[in-house]
Structure formats: structure tokens, C-alpha cells
Amino acid sequence: MSARYRFGDVVFDPGAFRLTRAGEVVHVEPRVLEVLAHLIESRGRLVEKRTLLATVWGDTAVSEGALTRAVAQLRKAIGDDAREARYLETVPTRGYRFLAEVQVEEGGGRPAAPAAPPVPPRGARHPRAWAIAAAVAVLVAVSAAGGWWAGRDPGASRPRPQPRRVLVSSWIGFNGFPSFSPDGGTLAFVSDRTGQLEIYVRPLAAGAREVQVTSDGAGNVQPAWSPDGRLLAYHSMTRGGVWIVAALGGAPRRLTEFGSRPVWSPDGEQVAFQSHSLADLPAIPVVPATLWVVPAGGGTPRPVTRPGHPRGGHGPHTFLADGRLGFVADGVWTVGLDGGGLRQISQARSASDVLFSPGGTLYWSAVNPREGRILRTRLASDGTSADDPEELLDTGSDTARHLALSRDGKRLAFALASMSSSVVAVPVGADGMPTGAPAPLTRDSRGRKVAPVFSRDGRRIAYLTFRAGEGSEVWVVDTANGEAAQILPSMKVDAIALPDWFPSSDRVGVVTRVGDALRYLSLGLDGHTRVLTELTGDVGHARLLPDGSGIVFHSQRDGRLNVWRADFESGQLRQLTSDREGAGWPAPSPDGRSIAVELFRGPDTTQVAVIPAAGGTPRAITTAPGQHWAHGWSPDGRRISYVARHGGVWNVYWVSLDGEQRRLTDYRDVRTFVRYPSWSAAGDRIAYELTEMKADLWVMDLPE
């Protein structure tokens with residue numbers, strides 16, 4: 001009789017291919033159990049990723065994302081936590097190690113000798129993390145609205161066995177933005193296999209020939225089929241605007257001078273699109289973005305929605321069967337093409353992509369820090385959610401993006417995206433120019449490392465982590481030895497604003513949301529947590545003032561995106577900008593006299609600008625077209641560090657107050673991006689987020 005393996009309350013019978021936990025059968029995909037079997041057989045030892053891929057998937061061409069998803073499903077099945085691993089340790093960039101002590105039982109259940117002792121898990125935690133967890137738990141307890149759906153816990157969605165899905169991409173890189181042809185037999189999508197983002201068409205029948213539709217290196221994304229199947233509309237990230245090309249290739253024609261995310265109306269007469277260009281592959285909607293519509297044959301575009309109504313960026317969007325538009329903003333909304341009948345049909349704040357089936361079902365992907373799922377819900381006759389959301393797919397540590405539904409409503413295509421990220425620093429001299437190559441400061445590359453910022457004494461960097469299926473966390477890394485410690489635990493709390501150091505260098509400030517309640521927290525390195533102020537309304541990208549007396553942030557309180565200030569002691573709010581096109585992402589100077597902001601100038605360009613700390617008209621100090629995102633200042637306040645996208649790639653730059661500009665990095669990969677460059681207090685280093693995005697393309701059969 002075959003042996004069984006027992007660890008904790010889990011029993012795995014490899015002969016019967018059966019997994020139980022606490023006596024209950026756990027249903028997972030066969031390959032997940034194959035991964036478990038191999039790890040148990042190699043327990044105590046590091047198993048390289050390539051070994052697992054070769055052993056479990058054999059000759060099947062898959063990316064590391066397939067293994068990452070299998071491990072995420074395995075952890076969920078056995079009740080493990082990647083952050084505090086009891087059973088399965090992740091060895092960053094290398095592979096996995098099974099940690100637990102395993103009892104090997106004969107078929108009848110008689111225990112054999114215990115297996116090799118477990119290897120202690122690695123990874124530093126702050127020694128008083130439980131004290132902080134208790135403080136955050138109090139914040140959760142006093143909130144009346146903790147669910148992403150009004151009055152509902154997203155964890156209460158009805159689970160079902162995972163539906164059948166097929167990997168349709170073979171390139172290990174970026175594959176995304178799928179779109180079904182009207183007959184459902186062909187998929188248009190985007191890939192970077194040539195080093196540029198181009199559009200391809202692939203019949204789903206076995207052995208059919210794939211066609212490359214575009215080849216101009218213009219960053220072509222977001223293809224959408226016309227209802228008759230003859231044309232594709234798409235967005236060019238380099239040239240801007242919406243374009244149309246024959247479905248099998250040819251000379252494209254420009255439909256609009258601006259905008260992205262084209263979607264055809266059911267009758268093929270109009271194309272709806274988002275006002276602002278796509279800045280990068282993560283494709284999170286830009287806050288000022290609104291929805292427009294243009295005749296498919298060409299003509300003058302006209303707006304459908306207005307900035308701030310509803311708040312947030314408008315999109316992604318899709319047509320309903322009755323010709324209205326459904327879109328994501330702060331929740332899910334519908335609107336007529338004349339701008340009338342705006343109504344909210346769901347409060348799913350975690351929604352990213354959104355689709356409506358002809359039968360009246362809403363599909364969306366949940367991409368907040370605690371959720372990596374594809375869900376759906378039936379709509380009532382009045383268009384609102386009729387029942388609790390149903391989980392179709394748990395995507396684990398990956399995120400499902402770019403959902404596409406076949407016309408018959410039977411299949412769903414999507415990209416499963418993964419990100420690897422590090423905090424990287426480039427050394428600079430007194431002239432601000434690099435004196436060496438960029439080098440990573442963090443060891444764990446999972447998820448995203450957002451907004452690194454140096455302490456005033458230069459000894460530490462605080463940053464925010466973001467991983468799908470897990471909470472946002474605040475970490476601190478020692479710049480001398482690379483040791484990292486977590487100071488804000490991952491719970492049902494979202495850290496929604498970037499971390500900043502108080503002048504004493506022993507406390508970090510961050511905004512958290514618990515339900516609808518916003519609070520600015522002071523996180524002490526000694527484990528002491530304090531609530532400094534309660535915040536109300538729309539608060540985004542909050543940054544601490546240098547003297548610790550308050551924060552600056554952006555908000556759509558007046559309809560347009562603008563910069564505001566909140567003082568801790570008085571609780572007073574003041575509007576600092578009143579720009580008609582939009583100003584946001586504030587960054588105070590070291591002396592507190594000025595604030596760098598991002599200034600929107602048209603749908604395709606943002607500029608680095610400066611305002612006095614007391615408020616006023618922004619003065620732009622960059623002038624070139626394209627995206628320029630400010631974040632930090634040199635210690636002497638003479639230069640502003642920012643990231644910019646030129647030639648399809650992102651790099652780190654600085655600009656002086658009189659307009660002198662320099663590039664500090666030389667990244668060239670279209671799926672790599674940099675963010676949040678922060679200058680050290682000594683002026684000798686600039687730290688920033690470096691992230692690479694990969695995505696696989698899948699097609700899933702939808703259950704009835």
C-alpha cells in the first residue's frame with residue numbers, strides 16, 4: 001500500500017492524488033499536487049524553479065507565472081502564509097523549500113519514522129509586530145464598513161471548482177490585452193516578443209497560423225474587434241490616440257488625436273474611448289481620465305463623462321447590450337452615450353476590468369492588495385447587483401487583467417500578470433550625475449516595492465509593498481546591510497498613501513483606510529503606533545510635510561484633480577492649486593517652502609511643476625511632450641528627481657529649478673518601469689522602485 005504524508009492538519013496521499021485538511025477533502029488542480037509531491041520528496045532542500053517546471057510541466061511551454069500560481073494555490077490549500085511560512089518557504093529568485101516535519105504513514109495509517117527536521121523560515125520581522133497588529137486591529141474593529149461591497153464581505157463570495165482554462169501564449173514575456181473576434185474563433189492580443197509592443201491575431205483552432213498585425217514599434221496596445229470582424233481599433237502609446245487597421249494587417253488610419261482603450265458599439269457605428277493615454281503596462285486608470293465617443297468612420301469626438309463625476313479615473317469600460325456604457329470608477333457605473341442616466345450599480349472598489357454579458361451578468365477582476373480573483377454577479381432587472389459575487393478563479397499572487405468575453409458569453413480571455421520588484425539605488429556625485437551602476441537594496445523581489453524614501457539620518461529606507469492576494473505592508477530596510485523589517489502588518493487595512501519619515505528618523509507616517517475611514521498613522525520603529533488625524537473625503541498620494549505638522553495630497557473635491565493641505569493639530573484643510581486641467585502627486589521640498597507637483601497638460605503629457613507651499617499657480621519646469629512624474633528633491637532643494645517615459649521606456653531623471661535636465665538610468669525594456677525616485681539626505685544616492693511585469697494569456701470556459 002502507498003505511503004501518505006502528514007504535516008500539521010494536512011494529509012497528502014500521492015497514490016490516490018488526494019489532499020485533505022482537517023479531515024476535509026481539498027480540491028486543487030493536479031499539477032498543484034504534483035508540485036507538492038516533488039517538494040515533499042525534496043523536503044529540507046532548495047528546489048530550483050527550473051527543476052519544478054521541468055518535472056511538473058515537462059515539455060509544455062509555460063512561464064514562471066504558471067509555477068507561481070500553482071504555489072499560491074498550494075499555500076491556500078494547506079493553510080500556509082508566504083509572509084510567515086510554516087510549510088513552504090520562498091527563496092527569492094531561486095525556488096522553494098519545504099519546511100515542515102512530515103510523518104510518513106503506511107496505507108493503513110500507521111506512522112513511520114518522522115522525516116527530516118524542518119528548516120527554520122527566513123525573513124526578518126519587527127520584534128514588536130504583534131503590538132502593531134493589535135493597534136491596527138483596533139482600527140478595524142471600530143470601522144463599520146470593512147467590506148469591499150456595501151454590507152458584504154468579499155470573502156463570502158460563493159466559491160466553485162476552478163473552471164477549465166488553457167494557456168494560449170507561448171512567449172515568456174508580456175502577453176496581454178486579448179480581444180475575441182465576433183465569431184469567437186480568433187484572439188487578437190499584444191506581445192513584446194520583438195522587443196516592442198505589437199498586435200497579433202491568433203486563431204484558437206489547433207495548427208492555425210498566427211498573424212502579426214502591426215510592426216511599427218509604436219507601442220500598439222488594446223486591440224478591439226469591430227462587430228463585423230473586419231477591423232481592429234487600438235491605441236498607440238508612442239504616437240498617441242486611437243487607430244484602426246484591417247484585422248489581418250495593412251496601413252493603419254488615425255481615428256482620434258488623443259485617448260486610449262477603444263471599444264466598438266454593438267452596431268459598429270461608434271467607438272468609445274478613454275481620454276488619457278496608457279502610460280504603462282499595469283494600466284491603472286489615470287485619475288483625470290474621462291470617457292469619450294467618436295464616429296467609427298471618423299469625426300469629432302465628444303465627451304460622455306465629466307471629471308470627478310464620479311470621482312476617480314473613468315475606465316476600463318464596455319458597452320452594454322442596450323448601448324449604454326459600463327465602466328469602473330469608484331465602483332462600477334453605467335451611463336448613456338449622451339452623458340445622461342449616470343448611476344452606480346456596484347460598490348466594488350476593488351474592480352479593475354469590467355464586462356457585461358448579453359444575459360445580464362457583470363464580470364470583473366479584483367486587483368486590490370488583498371484580492372487576486374475573477375468574479376461575477378447576476379444583475380437584477382434594474383441593472384444593480386442581484387446577489388453576492390461568485391468567484392470564478394482565484395489568481396493567487398498574480399492579477400487578472402484585460403478581461404475579454406466571447407460574444408456567446410461562454411469563454412473569458414484574460415492576462416495573468418506577475419511583477420518582480422526591488423528597491424534600487426544609483427550613486428550620484430555632488431553634480432547629481434551617476435558615479436556607479438544601480439544596485440538593489442532589497443532581497444525579496446516578489447510583488448511591488450512602492451515609494452522608497454530615505455530617513456533623515458540616511459540609515460534606513462521605508463517602502464510600501466503591494467502583492468495581489470495579500471495586504472499592503474510597510475517595511476524598513478537598513479541601507480548598510482540590507483536587513484528588512486516589517487512595521488505595518490498585513491491585515492484588512494489598506495495603506496493607501498506613501499510612507500514618509502518624521503524628522504526624528506524613528507517614525508514613519510502613512511495613511512490607512514479601514515472601510516470608509518481614513519487615518520494618518522505614526523508607526524514607531526519601537527512598535528508604538530498612533531493615530532495623528534482623521535481624514536474625510538477623497539485623499540490620494542498623501543505626503544508628510546518636512547516638519548511633520550501635516551500632509552499634502554491630491555483630491556477631486558472640486559471636480560478637477562488638485563492639491564490640498566491638511567494640518568494635524570488644527571485639522572484645517574486648504575486647497576493649494578486650482579488648475580483647470582489637473583495637478584496632483586505633490587512632493588514637498590526639504591525646507592518646506594515649495595511643493596513639486598505633476599501638472600496635466602492635455603491627455604498625453606504631464607509636466608514637473610513647482611508651487612509655493614502656501615499655494616498658487618504651478619510653474620512647469622519640464623517642457624517636452626510625454627509623461628514626467630516627480631517624487632523627490634535633492635537635499636539642497638535645487639533639483640527634483642522624477643521618472644519619464646521616452647521612446648517607449650521609463651528612466652530616472654532630475655531637473656533643476658531653472659530647467660536643466662539629466663538622465664540617470666538606461667533601462668530599455670518596454671516591460672520594465674521605474675517609479676518614485678527619492679534622494680538621500682546626504683545627496684549621494686537616489687533610490688527608486690524597479691519593477692518588471694510579465695503576463696501570460698489564458699482562455700477559460702465559463703460555467704453556466
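Analyst: Rings of Phe, Tyr and Trp, the six-membered ring being taken for Trp, pair if their centres lie within 6.5 Å. The model discussed here is predicted. In this model, ring pairs link three residues into a cluster: Phe7, Tyr87 and Phe98.

User: How many aromatic pairs are there by this rule?
Analyst: The rule asks for ring centres within 6.5 Å. By this rule the count comes to eleven aromatic pairs.

User: Is the pair of Phe7 and Tyr87 stacked or edge-to-face?
Analyst: The ring centres of Phe7 and Tyr87 are 5.0 Å apart, and their planes stand at 75°. Planes over 60 degrees apart count as edge-to-face. The pair of Phe7 and Tyr87 is therefore edge-to-face.

User: How many residues apart are Phe7 and Tyr87, and where do they lie?
Analyst: Both Phe7 and Tyr87 are buried. Phe7 belongs to strand β1 (residues 4–7), whereas Tyr87 lies in the loop between α3 (64–78) and β6 (88–91). The pair links distant parts of the chain, and the separation is 80 residues.

User: Which kind of aromatic pair do Trp585 and Phe600 form?
Analyst: The distance from centre to centre is 6.0 Å, with 55° between the planes of Trp585 and Phe600. Planes under 30 degrees apart count as stacked and those over 60 as edge-to-face, the rest being tilted. The pair of Trp585 and Phe600 is tilted.

User: Which strands does the pair of Trp585 and Phe600 tie together?
Analyst: The two residues are 15 apart in sequence. Phe600, at a relative accessible area of 3%, is buried. The strands that hold Trp585 and Phe600 are, respectively, β47 (residues 583–588) and β48 (residues 594–600).

User: What is the phi of Trp585?
Analyst: Most residues other than glycine have a negative phi. Trp585, in strand β47, has a positive phi although it is not a glycine. The value for Trp585 is about 50°.

User: What is the phi of Ser505, and is this residue buried or exposed?
Analyst: Ser505 is found in the loop between β39 (500–501) and β40 (507–514). Its phi is positive, near 65°, in a residue other than glycine. With a relative accessibility of 5%, Ser505 counts as buried.

User: Which residue lies over the face of Phe502?
Analyst: A charge sits over a ring if, for Arg, CZ is within 6 Å of the ring centre and within 35 degrees of the ring normal. One such case places Arg557 over the face of Trp564, at 5.6 Å from the ring centre. For Phe502, the distance from the ring centre is 4.2 Å and the residue is Arg507.

User: How many residues apart in sequence are the salt-bridge partners Asp280 and Arg675?
Analyst: The side chains of Asp280 and Arg675 meet with N to O at 2.1 Å, and both residues are buried. Asp280 lies in the loop between β20 (270–274) and β21 (291–295), and Arg675 in strand β55 (residues 672–679). The bridge therefore ties together parts whose separation in sequence is 395 residues.

User: Are Arg565 and Asp567, which form a salt bridge, buried or exposed?
Analyst: The closest N and O atoms of Arg565 and Asp567 are 2.9 Å apart. Arg565 has a relative accessibility of 16% and counts as buried. Asp567, with a relative accessible area of 12%, is likewise buried.

User: Which residues does the network of salt bridges link?
Analyst: By the rule applied, the count of salt bridges comes to 25. The residues linked in a network are Asp192, Arg671 and Glu692.

User: Which residues lie nearest the centre of the second largest pocket?
Analyst: This pocket holds about 1000 Å³ of space. Its lining has 23 nonpolar, ten polar and three charged residues. Of the 36 lining residues, those nearest the centre are Ser179, Val263, Thr318, Leu355 and Leu405.

Technical notes
Residues numbered from 1 in each chain as written. Predicted model: local features only at pLDDT ≥ 70, side-chain atom pairs only at ≥ 80, totals over all residues. Heavy atoms only, no water. 1 Å grid on protein atoms, 1.4 Å probe; cavity = no way out; pocket = protein on both sides within 12 Å on 5 of 7 lines; lining within 4 Å. Points joined across faces, edges and corners; volume = space filled by probe spheres on them. Nonpolar A, V, L, I, M, F, W, Y, C, P; charged D, E, K, R; others polar. Helix = DSSP H or I, 4+ residues; strand = E, 2+ residues; numbered from the N terminus. Buried < 20%, exposed > 50% of the residue type's maximum accessible area, 1.4 Å probe, protein only. Salt bridge = Lys/Arg side-chain N within 4 Å of Asp/Glu carboxyl O.
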